[in-house]
Amino acid sequence: MNKYSEIYGLDISKDVFDVYGSQTGHTQFKNDERGFKSFLNYVSKGALVVMEATGYYHYRLAQFLFKSGVCVSVVNPLSVKRFIQMKLAKVKTDKSDAKAICEYGQMNDVPLYTALNEVQSECLQLFRLLDSYIKQSTASKNKLHGEETLGIPSKFVYRSLKRHVKHLKKEIAAIEERLLALVKQDQQYQLTLLNSIPGMGVKTALFLIVVTDGFKKFETASQLCSYVGITPTIRLSGSSVRGRSRISKVGNKKLRNLLFLCAFSACKHNKACREIYERLVNKGKSKKLALIAVANKLLKQAFAIAKSGRPYDENFVSKLA
């Protein structure tokens, strides 16, 4: 039996959010401060509010409800999408999505949301901006290369692109400096510990500390690996279906990509990671699968070191991770 008095599923858009209660059915509120307060008065005591992670739109409401003492769960949109597909639903509206999220909350043991502090909130904003600037920089560099290949038919265009790349480089450096200062202010020792792991980049260490709240959000390494989405899924069915193992991809895509990039360096400089990579490749596994296994190992090492409070030691880490 569910421990909550009622479960509300929320489908959030830019201007409104649709609510479907397990007992009260459908209603709708404005996605602003006045709507938040109206919804807070509407929610029954001891209820659980379940919503999808929808970038900017869910964040303010989740923070507001958490600080108001309401139990909140922010779930992965991909998990809800698969849940809807399993039900073979043919109708898709904001109302039906809110109902599906409500049913997902009823049928699954969903994790409770913990509000971000000011440092974590700013760090996540900085990471989003950093990603945007890096993409712009890559696109501009590609355009520069294209202009050079054409023989620079327009010097004005070429110089404009050069200035833009230079400006983005300056902004990226400023953001990285600010990120480092914020995490040092909050988690200096943990950052030092993670930087001691061969193959672990500073950017990855920073993001890992921020999204895990200094590893407080997870009790085991397997929970963290599931959150990131680098746990393998096995595809077996009867005697005929023998699909290749692959990662679940239900998790934090940004952190997963960062760890995968770190895996290349870890294969060269991290003894335990190198041994896993070589063993899998020698068994005939693909290099990509071996790199995913390395990323998984790297994450387990980070968890073991953060929880133990001891810097990297290949003999100590190999026992824990």
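At which residues does UniProt place the feature "coiled-coil region"? The record, an unreviewed entry, puts this feature at residues 158-185; UniProt positions follow the numbering used here, feature names are shortened, and annotations may be inferred rather than shown by experiment.

Before going on, two notes on the model. This is a predicted model, in which local features need pLDDT of at least 70, side-chain atom pairs count only at pLDDT 80 or more, and totals for chains, interfaces and linings use all residues. Residues are numbered from 1 along each chain as its sequence is written, and side-chain values use heavy atoms, with hydrogens and water left out.

**Exercise 1.** Describe the chain over residues 158-185.

Solution. Start with the secondary structure: this stretch is 100% helix and 0% strand. Helices (H or I, at least four residues) and strands (E, at least two) are DSSP runs, numbered from the N terminus. Then look at the ends, where the C-alpha atoms are 41 Å apart.

**Exercise 2.** Work out how helix α5 and helix α7 pack.

Solution. Two packed helices are described by the angle between their axes and the distance between the axes. Here α5 (residues 118-149) and α7 (residues 202-211) form an angle of about 140°, and their axes lie 10 Å apart. Axes are lines fitted to C-alpha atoms, for helices over the stretch in contact, and angles run from 0 to 180 degrees between N-to-C directions. That angle makes α5 oblique to α7 (under 35 degrees is roughly parallel, over 145 roughly antiparallel, 65 to 115 roughly perpendicular and the rest oblique). Next, name the partners in contact (heavy atoms within 4.5 Å): residues of α5 including F127 and I134 meet residues of α7 including F207 and V210. By class, this contact has 9 nonpolar, 1 polar and 2 charged residues (Ala, Val, Leu, Ile, Met, Phe, Trp, Tyr, Cys and Pro are nonpolar, Asp, Glu, Lys and Arg charged, and the others, Gly among them, polar).

**Exercise 3.** Do likewise for helix α9 and helix α10.

Solution. The axes of α9 (residues 253-269) and α10 (residues 271-282) are 6 Å apart, at an angle of about 100°. α9 and α10 are therefore roughly perpendicular to each other. On the α9 side the contact uses A266, C267, K268 and H269, while α10 brings K271, C273, R274 and Y277. Sorted by class, these residues are 4 nonpolar, 1 polar and 3 charged.
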